[in-house]
Structures are given as C-alpha cells and as structure tokens.
Amino acid sequence: MKIDKVVTRQAVVPLGAARGGSGATSLQVLHVTVHDIGGESGTGFTYALTGGVEGARAIVDNLYGPRVTGADPLQWDRLWHELQAATHRLGTGVATAALSALDIAVWDLRARAAGLPLHRFLGTHRESVPIYGSGRATHQMSDEELIAGALSYVEEGYGAIKLRAGVLGLERDVARVAAVRGAVGADVQIMVDCNERLDLAQAQRLGQRLNDLDVAWLEEPLPSHDVAAYTLLASRCPVPIAAGEHLQGRFAFKQYLDQGAAAVLMPDAPLAGGVTEWMRIAVLAEASSVAISPHFLPELHVHLAAATRAATWVEHFPLLDDLLLETLSPSGGVVCPPDRPGHGLLWDPDALDRFSAS
C-alpha cells in the first residue's frame with residue numbers, strides 16, 4: 001500500500017434552530033479522502049461550529065497531504081508523529097484538527113483494505129454500546145418542549161438523556177432538570193451539560209442541587225483550560241465531573257487525570273487527534289479508573305467505544321445527519337457498529353455538493 005493522493009473539500013451546513021447547549025446554527029466540515037495506488041480510499045473529517053475549518057484545510061493541502069503522498073499507511077504511527085512534529089511550534093488548535101481529519105481517513109483506508117469494520121480492525125471489546133439522548137434539549141425550549149424531547153428518547157428505548165444548564169440561572173436550571181426527572185422517572189439516567197458557562201462557585205452550587213436529582217454527571221461546568229478549578233470542583237462536588245470535548249491530544253487529558261479533575265473524559269476524535277490519539281487517551285483513562293464517553297458523532301465513535309474497555313456511552317446528537325445517507329439506529333438503548341469495512345460512514349455525495357463551500 002502507498003498513498004497516492006489526498007483530496008479535501010469543505011462543506012457548510014445550516015443547522016436551522018440552535019442545537020444543543022452551544023447555540024450553534026451552522027456547521028463547517030472539512031472532508032478528507034485518502035487514495036492509495038491500488039484504488040482503495042478512506043475518508044475522514046474534522047468540523048467547527050464557530051468557523052475556522054479553512055485553516056485546517058490549508059494545513060492538510062499544503063503540508064500534511066504532500067508529506068504523506070507516497071508513504072505506506074501501514075507505517076501510520078510513525079507518520080502521525082512526524083506530522084505532529086512538523087506543526088509542533090504552532091501548538092494544537094487547527095493543526096490538531098487537520099491531523100485528526102487525515103488520521104481518520106487513514107484508519108478508514110487501512111480497515112477497508114483489510115476488509116474489516118474499524119472496531120474489528122482495532123480489536124473489538126464489545127458488540128454494542130449504550131447510547132444516551134442528547135440532541136433534543138436546548139436552553140430555548142419551554143419546559144413542556146424539554147420534557148417532550150426527553151420522553152421521546154425514553155419511548156425509543158434510551159436509558160439516559162442529557163439536558164443543558166448554565167444560561168437560565170440556578171433556580172430555573174434546577175427546576176427544569178427536576179421537571180424532566182419527574183417525567184422520566186428514577187430509572188432513566190440524566191446528565192447535565194453547562195458548555196463551560198459557570199465559574200467555580202456557581203458550579204459548586206449547581207452540583208449540590210443536582211445531586212438531589214440523582215444526576216449522573218455534570219459536564220463542562222467551567223472553561224476547559226482551567227484544570228486547577230476543575231480539580232477543586234471535582235473534590236467538592238458530589239456529582240461526577242465530565243470534561244474533554246475541547247481538549248486536544250493525550251497530554252491535555254493527562255493533566256486532568258494527574259490532578260483527578262474529572263471522572264469522565266469526553267474526547268472528540270475529529271478534534272482531539274483522530275482515531276490514533278483517541279485510543280491513546282482511552283488507555284490513559286482506563287489506567288486511571290476513569291470512564292470515557294466520546295463527544296458527539298456516534299456513527300464514528302461507536303467503533304472506538306466498541307474497541308475500548310473504559311468506554312461507557314456514546315452520544316446521540318444529530319450533527320452530521322444532513323451529510324450522511326445513513327445514521328445509526330439505536331435499539332433497546334444500545335447501538336451496534338456497522339459491519340461494512342472501515343468506519344462505515346456513508347457520505348451523501350449530493351449533500352456534499354449541495355453544501356460545498358469550495
């Protein structure tokens with residue numbers, strides 16, 4: 001095997017009404033295809049909710065792509081480190097997002113060439129993964145709409161749901177979680193995501209109140225760069241702390257692990273370093289007795305969670321749906337990775353053309 005060429009394209013997808021807790025109304029996707037000389041190919045991607053994907057594309061087109069052309073993808077671990085070293089002085093950020101997209105494409109190529117689904121190529125630990133519902137709760141919803149969204153997940157067999165907090169004030173946020181708890185009952189797990197909107201004192205108060213509602217975890221209550229504040233909160237808050245969707249690379253996650261700053265890590269493979277780095281982070285989490293639950297993108301992350309002992313949940317969130325021909329179909333609160341070779345994402349070529357930004 002040798003890499004023949006790397007092709008990139010960019011799409012911008014309007015999301016309509018705000019989704020999740022970030023309030024994002026559009027999605028930028030950098031789509032990467034790696035071709036080998038035998039005619040096989042693999043696809044990868046990274047994304048942004050606030051712009052900037054053009055920078056990642058420039059790095060792939062002008063630096064990473066030329067460096068891997070002619071290389072053997074079976075030597076990818078060495079190549080991955082060489083590419084990271086090439087942009088080391090730039091820090092992480094856009095460079096890591098660019099490497100993530102290329103990395104996912106190379107893993108897809110390698111698994112497809114082997115005729116194996118990605119989770120089997122990595123080494124399957126479980127055949128199915130629990131999934132929680134996250135895409136039907138926003139700050140803009142009324143209490144009635146919030147409850148309806150939660151109940152729709154329960155009716156579909158989900159055993160856990162995620163709500164948002166941090167915008168409406170402590171009392172309203174707690175009241176909304178309490179209303180959903182009353183509607184779904186005690187057997188459904190509830191997670192609460194604050195999207196980095198609180199300070200330490202606010203997060204402590206919210207955590208104390210949510211503990212009475214049996215909340216499974218409090219996600220991203222503080223800005224992700226403040227590991228010291230997370231460490232203090234984790235030592236004082238009765239609700240487990242989850243964090244990681246904005247962290248990039250294993251060393252950023254290692255800081256959280258070393259300080260005992262989170263009980264659940266949430267790496268996002270298209271942002272954190274790709275499949276390669278996601279799996280390294282998972283090993284670190286397991287070694288620290290910390291759970292790992294990937295952020296967004298269940299169609300990709302189901303493979304990684306299925307190949308990881310420390311993984312607990314994947315997250316249902318309709319982010320890429322407008323670009324895919326097929327999405328996962330949960331049953332009984334779990335999802336199974338597709339059996340087709342590679343990561344199995346079926347990109348819709350017409351949609352990629354329709355939303356093309358290049």
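Visitor: Which strand gives the most to the lining of the largest pocket?
Guide: In this predicted model, strand β3 gives the most, with three residues in that lining.

Visitor: Which other elements supply at least two residues each?
Guide: Besides β3 (41-48), the elements that each supply at least two lining residues are α1 (53-68), α3 (94-114) and β5 (160-164).

Visitor: How much space lies in that pocket?
Guide: The largest pocket holds about 640 Å³ of space. It is lined by 34 residues, and those closest to its centre are Tyr47, Leu49, Thr50, His246 and Leu271.

Visitor: How many of the lining residues are nonpolar, polar and charged?
Guide: The lining of the largest pocket comprises 12 nonpolar, 13 polar and nine charged residues.

Visitor: Changing topic, where does Glu286 lie?
Guide: Glu286 belongs to helix α11, which covers residues 274-287.

Visitor: Why does Glu286 count as partly exposed?
Guide: Glu286 has a relative accessible area of 37%, so it is classed as partly exposed, because that class lies between the 20% and 50% limits.

Visitor: Which residues does Glu286 touch?
Guide: Leaving aside residues up to four places away in sequence, Glu286 touches Arg309 and Ala310.

Visitor: Now the cysteines: how many disulfides are there?
Guide: A search of the whole structure finds zero disulfides. For Cys194, the nearest cysteine sulfur belongs to Cys237 and is 9.7 Å away.

Visitor: Is Cys194 buried or exposed?
Guide: Cys194 counts as buried, with 0% relative accessibility. Cys336, by its relative accessible area of 47%, is partly exposed.

Note on methods: Residues are numbered from 1 along each chain as its sequence is written. This is a predicted model: local features need pLDDT of at least 70, side-chain atom pairs count only at pLDDT 80 or more; totals for chains, interfaces and linings use all residues. Side-chain values use heavy atoms; hydrogens and water are left out. On a 1 Å grid over the protein atoms alone, a cavity is a set of points where a 1.4 Å probe fits but cannot get out, and a pocket is an open set with protein on both sides within 12 Å along at least five of seven lines; lining residues have an atom within 4 Å of a point. Grid points are joined across faces, edges and corners, and a volume is the space filled by probe spheres set on the points. Helices (H or I, at least four residues) and strands (E, at least two) are DSSP runs, numbered from the N terminus. Ala, Val, Leu, Ile, Met, Phe, Trp, Tyr, Cys and Pro count as nonpolar, Asp, Glu, Lys and Arg as charged, and the others, Gly among them, as polar. Buried means under 20% relative accessible area, exposed over 50%, partly exposed in between (1.4 Å probe, protein chains only). Contact means heavy atoms within 4.5 Å. A disulfide is a pair of cysteine sulfur atoms within 2.5 Å.
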